[in-house]
Amino acid sequence: MALKYAMRKAITDKADVYSYGVLLLKIGSGKSNSKTQENQRNDYILNKACVLHSEQMLLNLVDTNMSGDCNKKQALKMLDLAVKCINQSPTLRPTMFEILSELEQISNFNTPSPSAWFLSSLVLSKWFME
């Protein structure tokens with residue numbers, strides 16, 4: 001959920017982009033936003049994604065149940081897009097049109113069978129644009 005929404009401020013298109021980025025991260029990682037494990041602090045997917053992005057290890061975020069079935073270039077580009085969407089500065093987030101364009105470019109890679117999580121994110125992006 002975008003911070004502005006949680007603080008009951010005006011909702012903007014950029015807040016929707018933030019939420020969509022969170023959704024992309026959830027789809028790609030197979031994890032919820034916050035997961036508490038015994039004797040450990042909360043592991044927030046947003047923080048983890050930003051750290052892995054800065055370390056150029058974003059592929060480590062891909063759901064281990066799907067890692068063998070997915071195209072790594074597609075996964076990396078989709079997760080990179082998700083990180084752009086959750087940028088703390090709303091002005092630096094892409095527009096939904098830019099997101100759709102990038103997802104369409106990602107889907108045009110020559111691959112024998114795109115992963116289910118990628119297809120679901122593409123379907124959701126078209127739903128948001130209508």
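This is a conversation about a predicted model of a protein and the reasons behind some of the words used to describe it.

Visitor: What is the overall make-up of the protein?

Guide: The secondary structure comes to six helices and two strands, and along the sequence these follow the pattern α-α-β-β-α-α-α-α. Of the 130 residues, 34% count as buried.

Visitor: Why is aspartate 63 called buried?

Guide: A residue is called buried when its relative accessible area is under 20%, and aspartate 63 has a relative accessible area of 14%, so the word buried applies. Aspartate 63 has its place in the loop between H3 and H4, and, leaving aside residues up to four places away in sequence, aspartate 63 touches Gly28, Ser29 and Gly30.

Visitor: What makes H2 roughly perpendicular to H3?

Guide: The axes of helix H2, residues 13-29, and helix H3, residues 45-54, come within 11 Å and cross at roughly 80°. Angles from 65 to 115 degrees count as roughly perpendicular, and therefore H2 is described as roughly perpendicular to H3. On the H2 side the contact is made by Tyr18, Val22, Leu25, Lys26 and Ser29, and on the H3 side by Ile45, Leu46 and Ala49.

Visitor: Why is H4 called roughly antiparallel to H5?

Guide: The axes of H4 and helix H5, residues 96-107, come within 10 Å and cross at roughly 170°. An angle over 145 degrees counts as roughly antiparallel, so that is the word for H4 and H5. Where these two helices meet, Gln74, Lys77, Met78, Leu81, Lys84 and Cys85 belong to H4, while Ile99, Glu102, Leu103, Ile106 and Ser107 belong to H5.

Visitor: How do you know that the span of H4 is close to the expected one?

Guide: Helix H4, residues 72-85, has 14 residues and reaches 20 Å from its first C-alpha to its last, which is set against the 20 Å expected at 1.5 Å a residue. The expected span is 1.5 Å times one less than the number of residues, and the span of H4 is therefore called close to what is expected.

Visitor: Which residues of H4 are buried?

Guide: In H4, the buried residues are Gln74, Ala75, Met78, Leu79, Leu81, Ala82, Val83 and Cys85.

Visitor: What makes asparagine 71 a cap for the N-terminal end of H4?

Guide: A side-chain oxygen of asparagine 71 lies 2.9 Å from the backbone nitrogen of lysine 73.

Note on methods:
Residues are numbered from 1 along each chain as its sequence is written. This is a predicted model: local features need pLDDT of at least 70, side-chain atom pairs count only at pLDDT 80 or more; totals for chains, interfaces and linings use all residues. Side-chain values use heavy atoms; hydrogens and water are left out. Helices (H or I, at least four residues) and strands (E, at least two) are DSSP runs, numbered from the N terminus. Buried means under 20% relative accessible area, exposed over 50%, partly exposed in between (1.4 Å probe, protein chains only). A polar contact is a pair of N or O atoms within 3.5 Å; within protein, one must be able to donate a hydrogen and the other to accept it, and residues adjacent in sequence count only if both atoms are side-chain atoms. Axes are lines fitted to C-alpha atoms, for helices over the stretch in contact, and angles run from 0 to 180 degrees between N-to-C directions. Angles under 35 degrees count as roughly parallel, over 145 as roughly antiparallel, 65 to 115 as roughly perpendicular and the rest as oblique. Contact means heavy atoms within 4.5 Å.
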